Amino acid sequence: MPASSAFPRACVIGHPVAHSRSPLIHGHWLSTLGLKGAYGREDVSADDLAGFLRTLRERGYVGANVTIPHKEAAYGLVDVATDRARAVEAVNTLYYEEGRLVGDNTDGFGFLANLEAGQPGWSRGAATALVLGAGGAARGVVAALRGAGISRVLVANRTRDRAEALAALSGRGVGAIGWDALDDAMGQADILVNTTSLGMAGHPPLELSLAALKPGALVTDIVYVPLVTGLLQQAAERGHPTVDGLGMLLHQAVPGFERWFGVRPQVTPGLRRLVESDLPGS
Ligand code: NAP
């Protein structure tokens with residue numbers, strides 16, 4: 001922190017970044033915890049990212065979140081990456097340690113914390129997960145599922161090559177399957193996760209019948225606009241337990257806040273209501 005700054009400051013870096021709800025989340029924690037600190041937004045283009053991160057500290061920041069489209073590029077620009085950032089080759093949280101810029105990835109942590117909060121004990125007895133999508137978010141989800149003890153993760157993606165690449169990056173226990181093999185995979189899955197942007201407001205729907213899904217399988221969607229996606233609605237109608245994606249967004253913010261401001265914050269019903277009321281259509 002420069003001598004001129006009396007309290008820690010952090011920000012979210014993205015392009016565009018106006019849509020980011022991180023300032024709402026961190027601002028809520030700062031005010032409810034009564035801490036001196038600030039959290040802002042920085043719209044930084046791809047061309048300016050390297051220069052911005054090199055001068056992050058001189059700009060008065062103790063750290064930052066990184067969002068779309070910079071998560072992968074920022075990974076290549078930090079001095080040190082944590083194990084969980086290396087596992088997915090992307091960062092969403094930056095902080096300094098012994099003068100070096102550290103890149104962490106808390107998306108997988110947020111994903112698991114959300115499942116644990118929504119369906120406590122969800123992984124007990126679960127062996128197989130089916131993940132739809134192989135984009136940036138899928139990387140964190142797959143690594144988190146393996147880390148939570150799920151022995152087999154099947155990845156299905158529109159573009160098969162990306163599913164193969166994700167399986168290769170993830171290593172043992174993770175395999176790619178074709179979209180045409182979904183029914184068979186659903187029959188084996190203890191947990192089904194949508195990480196595609198299908199079903200998100202403004203995107204095409206996820207057209208998938210859950211008729212073949214194993215009875216009692218947990219269904220979760222990381223899309224959180226709308227909060228109850230078509231997938232979650234269908235799953236609930238069929239009697240499956242469900243977890244929506246908003247909690248992932250809230251929980252992924254916890255480790256960064258603790259690093260920058262020195263207190264581990266809680267994801268409370270009040271925070272959830274606040275962010276929910278800021279979602280389109282609420
Ligand atoms: P991404 O890297 O762009 O990946 C998008 C994924 O969706 C790819 O697998 C892509 O398949 C698939 N897809 C897109 N359009 C499709 C279509 N018409 N038909 C079939 N598949 C299609 O995006 P991302 O960063 O992983 O984010 C994915 C979603 O997760 C977004 O809705 C984002 O808002 C949400 N998200 C939520 C959280 C949270 O905290 N809850 C965190 C991160 C992301 P191809 O490879 O074939 O293109």
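A polar contact is a pair of N or O atoms within 3.5 Å; within protein, one must be able to donate a hydrogen and the other to accept it, and residues adjacent in sequence count only if both atoms are side-chain atoms. This is a predicted model, in which local features need pLDDT of at least 70, side-chain atom pairs count only at pLDDT 80 or more, and totals for chains, interfaces and linings use all residues. Residues are numbered from 1 along each chain as its sequence is written, and side-chain values use heavy atoms, with hydrogens and water left out.

**Contacts of the ligand**

- A polar backbone atom of Ala137 lies 2.8 Å from an oxygen atom of the ligand.
- A nitrogen atom of the ligand is 2.9 Å from a backbone N or O atom of Ile222.
- For Leu249, a backbone N or O atom is 3.3 Å from an oxygen atom of the ligand.

**Shell around the ligand**

- The ligand is surrounded by 20 residues (a heavy atom within 4 Å), and the closest are Ala137, Asn157, Arg158, Thr159 and Arg162.
- Nine residues of this shell are nonpolar, nine are polar and two are charged; Gly counts as polar, and Asp, Glu, Lys and Arg as charged.

**Aromatic pairs**

- The whole structure holds four aromatic pairs, meaning rings of Phe, Tyr and Trp (its six-membered ring) with centres within 6.5 Å; planes under 30 degrees apart count as stacked, over 60 as edge-to-face and the rest as tilted.
- Trp29 and Phe257 form an edge-to-face pair, with 5.4 Å from centre to centre and 70° between the planes.
- Trp29 belongs to helix α1 (residues 22-33) and Phe257 to helix α11 (residues 254-261), so this pair ties together parts 228 residues apart in sequence; helices are DSSP runs (H or I, at least four residues), numbered from the N terminus.

Technical notes:
Helices (H or I, at least four residues) and strands (E, at least two) are DSSP runs, numbered from the N terminus.
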